[in-house]
Amino acid sequence: MFEDDIQTIMFSADEIAAKVKEIGENITCDYKLMTEDIFCVGILKGAVMFYTDLVRQIKTNVKFDFMVASSYGSGTKSSGAVKILKDLDYDVAGKHMILIEDIVDTGITMEYLLKYCRGRGAKSVKICSLLNKPSRRVADITIDYVGFTVPDEFLVGYGLDYDGNYRNLPYIGVLKPDI
């Protein structure tokens with residue numbers, strides 16, 4: 001069973017739910033006076049669990065969109081080259097966007113996506129990430145909404161994966177190094 005591959009549980013399902021609610025309240029507060037929609041863009045596949053839970057906590061009108069971008073492939077280290085595998089479906093020119101990610105570590109993907117969305121004319125682009133791993137940061141980016149800051153461990157669960165596995169775990173755990 002996959003759960004035998006987990007060294008320790010870092011964040012329980014309840015801890016995650018409480019943090020997601022808090023982030024949703026912060027976003028609602030920041031955007032409540034705006035008459036324009038927010039374009040919440042989930043970065044698939046990893047952010048799907050966080051994204052769906054988060055947008056239900058935002059109490060203002062939200063438009064959904066998704067992108068698939070990766071700098072990892074099937075390994076545990078960033079390749080440094082970002083590939084967009086699925087682009088936005090909507091025109092974001094003049095729109096307020098929030099890029100929703102599961103984890104930001106090197107920041108390479110988010111730096112690329114920030115420039116990309118700004119280049120498409122977005123009025124504003126903010127980053128929301130459930131997990132922040134600043135010890136691995138190489139790109140100079142600001143995460144506007146952060147759930148948890150984490151150490152340099154390989155994390156899985158709640159959307160995070162290793163080679164496509166472990167995404168369906170309801171918690172976030174540290175993968176055993178021998179896996």
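This is a predicted model: local features need pLDDT of at least 70, side-chain atom pairs count only at pLDDT 80 or more; totals for chains, interfaces and linings use all residues.

Reader: Fine. What's the strand order in the open sheet of six strands?

Author: The order is β4-β3-β2-β5-β6-β7, and the pairing is mixed. Strands here are DSSP runs of E, at least two residues, and helices are runs of H or I, at least four residues, numbered from the N terminus. Two strands pair if DSSP finds at least two bridges between them.

Reader: Which strands stand at the edges?

Author: β4 and β7 (145–149) do; each has a single partner strand, so one side of each is left without a neighbour in the sheet. The twist averages 30° from one strand to the next. Axes are lines fitted to C-alpha atoms, for helices over the stretch in contact, and angles run from 0 to 180 degrees between N-to-C directions.

Reader: How many bridges join β3 to β4?

Author: Three, and the two strands run antiparallel. Val-68 has Lys-86 in β4 as its bridge partner.

Reader: And what's the order in the sheet of three strands?

Author: β1-β9-β8, open, with antiparallel pairing. β1 (6–11) and β8 (155–156) are its edge strands, each pairing on one side only. β1 and β9 (residues 172–175) pair over four bridges, with Ile-6 opposite Leu-175 in β9.

Reader: Now helices. Which strands does α1 lie across?

Author: Helix α1 (residues 13–31) lies across β2, β5, β6 and β7, at about 155° to β7. Helix α3 lies across β2, β3, β4, β5 and β6, running at about 170° to β5.

Reader: How far does α3 reach from its first C-alpha to its last?

Author: α3 (residues 108–119) has 12 residues and reaches 17 Å, close to the 16 Å expected at 1.5 Å a residue. That expected span is 1.5 Å times one less than the number of residues.

Reader: Which residues of α3 are buried?

Author: Ile-108, Thr-109, Met-110, Leu-113, Leu-114 and Cys-117. Buried means under 20% relative accessible area, exposed over 50%, and partly exposed in between, with a 1.4 Å probe and protein chains only. Those buried residues pack against β2 (38–44), β3 (62–70), β4 (83–86), β5 (96–104) and β6 (124–132); contact means heavy atoms within 4.5 Å. After α3 comes Gly-121, with a positive phi near 90°.

Reader: Since you mention phi, which residue other than glycine has a positive value near 55°?

Author: Asp-163. It sits in the loop between β8 and β9 and is partly exposed at 48% relative accessibility. Tyr-166 also has a positive phi, of about 80°, and is found in the loop between β8 and β9. Tyr-166 is buried, though, with a relative accessible area of 4%.

Reader: Where's the cis peptide bond with omega near 5°?

Author: It runs from Leu-44 to Lys-45. Lys-45 is in the loop between β2 and α2 (48–55). Most peptide bonds are trans.

Reader: Is Cys-117 buried or exposed?

Author: Cys-117 is buried, with a relative accessible area of 0%. Cys-29 is partly exposed at 47%.

Reader: Which residue does Arg-120 meet in a salt bridge?

Author: Asp-87, at 2.9 Å, N to O. Arg-120 lies in the loop between α3 and β6 and Asp-87 in the loop between β4 and β5, so the pair ties together parts that are 33 residues apart in sequence. Lys-86 meets Asp-89 in a salt bridge too, at 3.1 Å; Lys-86 is partly exposed at 25%, while Asp-89 is exposed at 57%.

Terms used
Residues are numbered from 1 along each chain as its sequence is written. Side-chain values use heavy atoms; hydrogens and water are left out. A salt bridge is a side-chain nitrogen of Lys or Arg within 4 Å of a carboxyl oxygen of Asp or Glu.
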